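Have the model open beside you.

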Amino acid sequence: MIGAGAAGIAIARAFVGTRTRVAVIESGGLGVDRVAQSLNVGANLGLPYYDLAQARERRFGGTTMRWSGRCAPLDPIDFATRPWVPHSGWPIGPEVLDPYYRRAQDVLDVGEYRYDASLWQDIGLEPDGFDPATFAVRFWRIRARRFGHAFRQDLADAANVTVYLNGTVVSLAPDHDANSIRHVVVQSICGREVIVTARHFVLATGGIENARLLLASDEVERAGIGNGRDLVGRFFMEHPKCRVARIETPDPHGLLERWRKQFPRGMPKLWPALVPTAAVQERHGILNSSLAFYYRSAVGMSAAALRARPPGPAAIARSMAEIPANLVRRYVRRRSVVFAPQALHLLARGEQAPDRNSRVVLSNDRDALGQRRADLDWRLGEIDKRSARVLTELAATEFARLRLGRIMPAAWLSDGSPDGWPLPRPGDATQDHHDHLQGGNHHIGTTRMATDPSRGVTDADARVFGKANLFVAGSSVFPTSGWANPTLTIVALALRLADHLKARLP
């Protein structure tokens, strides 16, 4: 097992108590290490993106050690081949993953497998009556389980599982006919090198590093392992998100009361969102995306924004007045607290269409271990922007019909250019982070599943095409991203892969 994030730990736990010996090799340690993190350094060649050194964590537990905990399954349409979405379609259907989603619920401690509008009853609120033929209500279940803490003892106590920390796999070595992996080379920062052999290898290092390691293992296959069709690293996807509209409404408090993050007793946190139905997606030729509500106030301004534009006495007084109300709103079920948000907005979190030119590539720069770094060329296309615009227009129609207020679309949506996204303005510390394009630190699609090697890197069982014993775990195998955060699906696929490997082993 190469990597000890959500996927790697889930698979290793599935083997606890079996006859199979499992070695888990993790590049980092138990905590964040500056030198290990420096191995993540890379350049952003395309759209502005997060600092790659900080966008993922090399440590036991991986990025679950700092994730927000949002869980939701993919929708059935996400698995389908959609004529209006090039390169869409999974080699497995939702019915295959359904039992593994149910098991993943327990791993992530997010309660029962239910994410639909029936959850309104659990939180004691009435929905607004959005047309169910246009919008479906979906909920995130939110429980930020830190795998490094939650499952460390499980693996430490397992007689058949050994975790090796601070060892970075730098290359995969195929056998003489390149049909399988003979061993992997592991290096420590201090220069020690170890050869590790195994019957099966699972690459579970995240969407950027999975691709980088396959590309960099080029001693036998010059283009990199699994890259005979030039597909490794391609189809990088995120969940692009940004503000798409301002809401003018006589009842901002009422809207937020229903659509804010909810804290039902005895359950994970819940957060509702509006998602276009499958029929609407097909009719308009758009991607699967979600709309959530948020408000902006002086309390929510960033430290940088406050330094650049300190609020005056009146703003400070308003902010101080909001604090008790917001504390009550967060911890006490109530309908009567009056507060005045500075602005109420719609935030779109979109599926990104697969694009072969959105990709991870090898850099000419090398890291502390002498390995070529990974650079990211993140790209978005016309359908990504059009989906955000159509989604906003549909919301405006529903708001008008229900007399909830007016939707004032953001100016960037009317820009006819497909790349006319609201990009951050360098040096402007006053901008709200929701005002410009960003992602979710979700690295998806660089070793995608497919029915044959002309369409992807791995098969329906997550095995690298042409390699009998090399498998990939994590969101890099997703052919499409859907609107939902990826971790629940990552764990479900990991559990499925564990069952597949068990069936292959004596």
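Q: What makes α4 and α14 roughly perpendicular?
A: The two helices pack at an angle of about 110°, with their axes 8 Å apart. Angles of 65 to 115 degrees count as roughly perpendicular (under 35 is roughly parallel, over 145 roughly antiparallel, the rest oblique), so α4 is roughly perpendicular to α14. The axes are lines fitted to C-alpha atoms over the stretch in contact, and angles run from 0 to 180 degrees between N-to-C directions. The crossing is right-handed.

A word on the source: this is a predicted model, where local features need pLDDT of at least 70, side-chain atom pairs count only at pLDDT 80 or more, and totals for chains, interfaces and linings use all residues. Residues are numbered from 1 along each chain, and side-chain values use heavy atoms, without hydrogens and water.

Q: Which residues of α4 meet α14?
A: Among them are L97, Y100, Y101 and A104, and on the α14 side the partners include L488, V491 and L495. Contact means heavy atoms within 4.5 Å.

Q: Why is A12 called buried?
A: Buried means under 20% relative accessible area (exposed is over 50%, partly exposed in between; 1.4 Å probe, protein chains only). A12 has 0% relative accessibility, so it counts as buried. This residue lies in helix α1, and beyond its neighbours within four places in sequence, A12 is in contact with M1, V22, V24, L155 and V161.

Methods:
Helix = DSSP H or I, 4+ residues; strand = E, 2+ residues; numbered from the N terminus. Left-handed = near helix turned anticlockwise from the far one by under 90°.
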